[in-house]
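Work through the two exercises below with the sequence and the model in view. Each task is followed by its solution.

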Amino acid sequence: MPTITVNGARRDVQTPPDTPLLYVLRNDLEISSPQFGCGMAQCGSCSVLLDGKEIRSCITPLSAIGDKEVTTLEGLPARWAKQQRAPASVTALHPIQEAWIVEQTPLCGFCQSGMMIKATELLEQVASPTVADIKAAFTTSGPSAHLCRCGSYTAIIEAVQRAAKLMGKGR
Amino acid sequence: MAYPNSPVNIFGARLTRREMVRAGGVLIVGFGIFGTACSNRGNSTARNSLDATLPGSWIEIRPDNTILIRTGKSDFGQGSTYTAYRQIVAEELNASIEQITTVVAGDTDLTPDGSGAFDFLGSGMPNIRKAAAYTYQALLDLAERRLGVPKDQLSASDGVVSGGGKSMMYGDLLKGQQVKLTIPVSGNLTSLMGLAITGDPPLKPVRQYKIIGKSYQNSITASKVAAKEQWITDVRLPGMLHARMVHPKTIGSTLLSAGQVDKNRFPTAQLVVKGNLVGVVATTEWEAIRAAQQVAGDTRWSEWKGLPGHTNLFTHLRKEADWQSTPISKSDKNKGDVAPVLAGASKKLAASYELPFMKHAPIGPTIAVADVRPGGAVYVYTHNQSPQALRGQLAQMLGSSIDQIVIRSFPGAGHYGRSNGGNAGAEDEAVLLSKAVGKPVRVQWMRPEDFQWSTQSPAAYSDVEIALDVKGKIVAYQADHYMPAMQDDRPIGAVLAGLPTMSAPDAPSSGNGIQDPWLYDTVPALLERGHGTMQIGQKASPIAVGLRDHSMRTPGQFQQNFPRELAISEAAALAGADAIQFRIDHTKDARVIGVLKAVREAAGWEPRPSHTKQSARGSTPLRGRGVSAMLRSATYWAGICEIAVVPETGAITVEKYTIAVDPGIIVNPFQLKRQVEGGAVMGVSHALLEEARFNESGITSSDWFSYPILKMADVPEIKVVLINRPEVGTYGGGSEAANALAAPAIAAALHDATGKIAHRLPLRPEYVQALLRT
C-alpha cells in the first residue's frame, strides 16, 4: 500500500498509482483545499507544495510523490509553526492566511488556495518581493499562470506584501 | 403585559402571538400573500411551500438577543449577504452587527424569498431592508406593551430598547412568548425576481446611520482562507457515486449508439443513457473520468454543421439573421426627430461596433450533487445564483411539484450570471443520473465541457450615427443595437434527455431592450432601438440547442455601452474637444458630472482633444488615454484607461485604470473597493482577450489557452475613487459595471495613441497589429 506524507503526517492510500494526487487528497484523505479547475495544469487551483515547490496536483500521479512531503493550505499553519520552532497551535494561521483575511482578498475564493500556496513558495524564497517579483511568481514561475476569474490580483499583490511584513516580524 | 391574541397591524404587516412558551421565546419574521396578490392563489406564488411558522423567515430574534437572517440570494463571491446585508439589518433594527450571528443564504427550504444572486442592494431597497424595518416597528410595539411606555417615547440602540427611564434587550421582550410578524409580499417565488416585500414601513433616517458606511470584514472570508469552509466541491453523501458526462460531438448531434463500459478496466462503472443524454457513474472519481473517456471514444453521434463559424459571425448576423420577427424596442428617453438632423449635420459620425461571444468562464467547472429519493423527494446540492428558479426547472423536468425539491447552496467558483435564471449546468444531469441509478450522484464537468456546453454572453453589433453642429455639440444621436436572445435558462441535461423545459428564448427575444441608460440629457434628438433575433443555430439544430446565450455580468448593457461610449469619444475627437469635458457639456445630471470630474482629478487628466494623427509604426510604445461612463443599478460610474501599445506587435498594455463610483450611500467602502477592483480586472480581460470562438459545429474555445483571461502580470495599476452621497438616500450596487467600463475606454485610448479606431473586441495583438497597418 503506498504511503505519502501530507502536512506532516504519513498517510496510507489504497488508490491506483496513476490517480492524480488531487483526487487522492480530496476523495481519499479528505484534504479539500486544492480545487479541480482544469485538470490540465493551466490554472493553479489545485496547487500544493511538494518539498516546498509548487506543483499542480491535477496532473501529478500518486506514483510521482515518493518520499517527498506534500503541503496543502490545511498544512500552512503547522508549516509556519515548525519554521518558527514554535508549538503548533490549533487556532493560529500562517501569516499568509492572516494577510489574506486582513486584505479581504478572496471574492469567490475558488482559486485562492492555489494562490496562497504560490505565495508560500515565493515568500519562503524571497523575503521581501517587489510587485514585479510577485507578478512574475504568479504569472510565469510555474507550469502556467495562476488564474482568477474574479480579478482579485490587486488584492493578492497587497496580501503578499502584507504577509511578507508579518513573516519578517515572525523571523 | 403580554401580547394580545388578536393580530396587530404594523404598517400593513401582521403581528401575532403564536403561543406562550415556558422558556425561550422568539420573533419570527415571515410573509403572507396580502392584497392584490391574493388573486394569484393557485399559481406558484401561493404554492410555495415555505410556511413562515417553519424556520424560514427573513429574521429571527432569539431570547439571547442574537439575530439570525435568511435570504434567498446565495452568495456569489461579492459577499454582500455577509457584509452589506448584516449591516443593513443591524442598522434598521438598531442592533449591533455582532448580534447578527448567523446568515442563511440560498437554501430553498430555509430561506424565504427566492430571486437571484444579482443586484443584492436592490437599488437601495432589498427585501432584507424592508423586513428589518417592519421588524423594528414590531419590536417597538412589543416594547410599548412590555414597558408600558408609549411607542413614540421609545428608541433603541445596540439591541436594547429604552424610554421613560426603562430599558430592555430585544431578546427579553420576547421571553416566554413566540411572536410571528407576517409581512406582505408579491411576486413569484421561482421566477427570476422571486418574491418582493411590499408596503412602506418607516425607514431609519440616513443621518442616524452608525453601521452602514463602515468597512466590516466579510464573515465568510476567514473560513475560506483557513480551509474550513465546505465548498460545493466538498459535498459527499453516503453511497454517493461520481459521474462524468459524455456530451454530444456537436451542439446539433443526436446519439447514434452509446459506447459500452469496459467492465474489465472499470468494474464499478455504469452507463446511463436517456435520449441524447449520456453519463457514466462509478464509485471513484478517477474511475468515472477514465470510464467516461473510454465510453466517449466508443460513442457515435450524427454529424452536424449549422453554425456560421466565428469568422463569419457578423456577416451572418447582418445578412442572414432574422431581425424582423422580434418587435423593435425603443428607449423611453427617445426624443426629437433624428433623421433630418443627421441628414443636415455639419459633421457626422457613422460607425458600427462588434462584440464577440464571451464565456462566464468560472475557474472551476459546473458541479452538483443530486439525491433522488425513492419517494420522489429530490435534494440538490449546488453553487447556484437562483436556487428557487432551479427548483422550478427541476420540477418541470421531472413532472413533479416544487414541494418535492430542495436546493442547498454552497460556495463555489463564481460564474457571473450563468445561473441567475436557475441552472449552472450540472444540476439537472445529476438529478437524472441519480434517479436512474437510485443513489446520490455527483456530476462535475471537465474543463472543455464547461467552455463548450455552457451558455455564453451573446455577441452583438450596433450601428451608431452622431450629428454635430458647427460648435461641435451633439445635435442628434441614433443607435441601433442588434443582439440574439439572451436568457436561455433551459437545463441542458433536460434538453438532451428530451424532457420538459421552459421554451428556448424564441423571437420575440428577451434581452433586446435598451439596457444602457442614456446619460447625455442635453442632446436634443435621440433615437435608440434594440433589435432581437433567435439564438444562432438554434433553429437549425435537431435538438434546438444552438449557441445558447445567457446574461453575464452587466448583461446587454455591456453590449450597448461599448458602442455608445466609444462613439461619444469619437465624436469628441471629431469636435476637437476633450473627451471628458465633451461628456460634461452634454449632461445636466449632477451625478454624471460628479463621477466624470472625480475620475478626471484622480487620474490627473489634463484637458486636451484626442490625438488623431500619429505615426503608428515601429517598436516604440505609443501612449494614449480614454474615458467611459455608465449608470447601472442606481450607481454612477466613470473610468479612465491609460494604455501603451506597440505598433509592431499590436500588444496593448493597460498601465493605469482609474474608476470613480457613486452608488449613493456607500454601505461598506473596503468591500466596494475590492468588488470594483475585481470588476476592473475582468473588464480589461474582456477588452483585450476574451472571445468564444466557434466553428460550424460548436464552440472551439475549450481551455485557458484557447480562451485566455487576464493574468496577474497584465494587471494595471488600479485606482478606485468612492463617492459617498448620503443625500441620495439609497445605496446602489457595485459588483457590476466595472467590467464593462474598460473596453470603450481602452479602445478610445488606442485611438488617442494611434489615431486608429478599433470597432470590435477583443483587442488582441493580431487584430490591433492589422488595424494599425491600415
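**Exercise 1.** In which sense do strand β1 (residues 3-6) and strand β5 (residues 69-71) of chain A pair, and over how many bridges?

Solution. The model is predicted, so local features need pLDDT of at least 70 and side-chain atom pairs pLDDT 80 or more, while totals for chains, interfaces and linings use all residues. Residues are numbered from 1 along each chain as its sequence is written, with chains lettered from A and ligands numbered from 1 in the order written.

Step 1. β1(A) and β5(A) pair in the parallel sense over two bridges (pairing requires at least two DSSP bridges between the strands; strands are DSSP E runs of at least two residues and helices H or I runs of at least four, numbered from the N terminus).

Step 2. Val6(A) has Val70(A) as its bridge partner in β5(A).

Step 3. The open sheet has five strands in the order β2-β1-β5-β3-β4 (chain A), with mixed pairing. β2 (9-12) and β4 (53-56) of chain A are at the edges with a single partner strand each, so one side of each lacks a neighbour in the sheet.

**Exercise 2.** At what angle do helix α13 (residues 557-574) and helix α17 (residues 738-754) of chain B pack, and how far apart are their axes?

Solution. Step 1. The angle is about 30° and the axes are 8 Å apart (axes are fitted to C-alpha atoms, for helices over the stretch in contact; angles run from 0 to 180 degrees between N-to-C directions).

Step 2. α13(B) and α17(B) are therefore roughly parallel (angles under 35 degrees).

Step 3. By class, their contact has nine nonpolar, four polar and one charged residues (Ala, Val, Leu, Ile, Met, Phe, Trp, Tyr, Cys and Pro are nonpolar, Asp, Glu, Lys and Arg charged, the others, Gly among them, polar; contact puts C-beta atoms, placed from the backbone, within 7 Å).

Definitions and conventions. Parallel < 35°, antiparallel > 145°, perpendicular 65-115°, else oblique.
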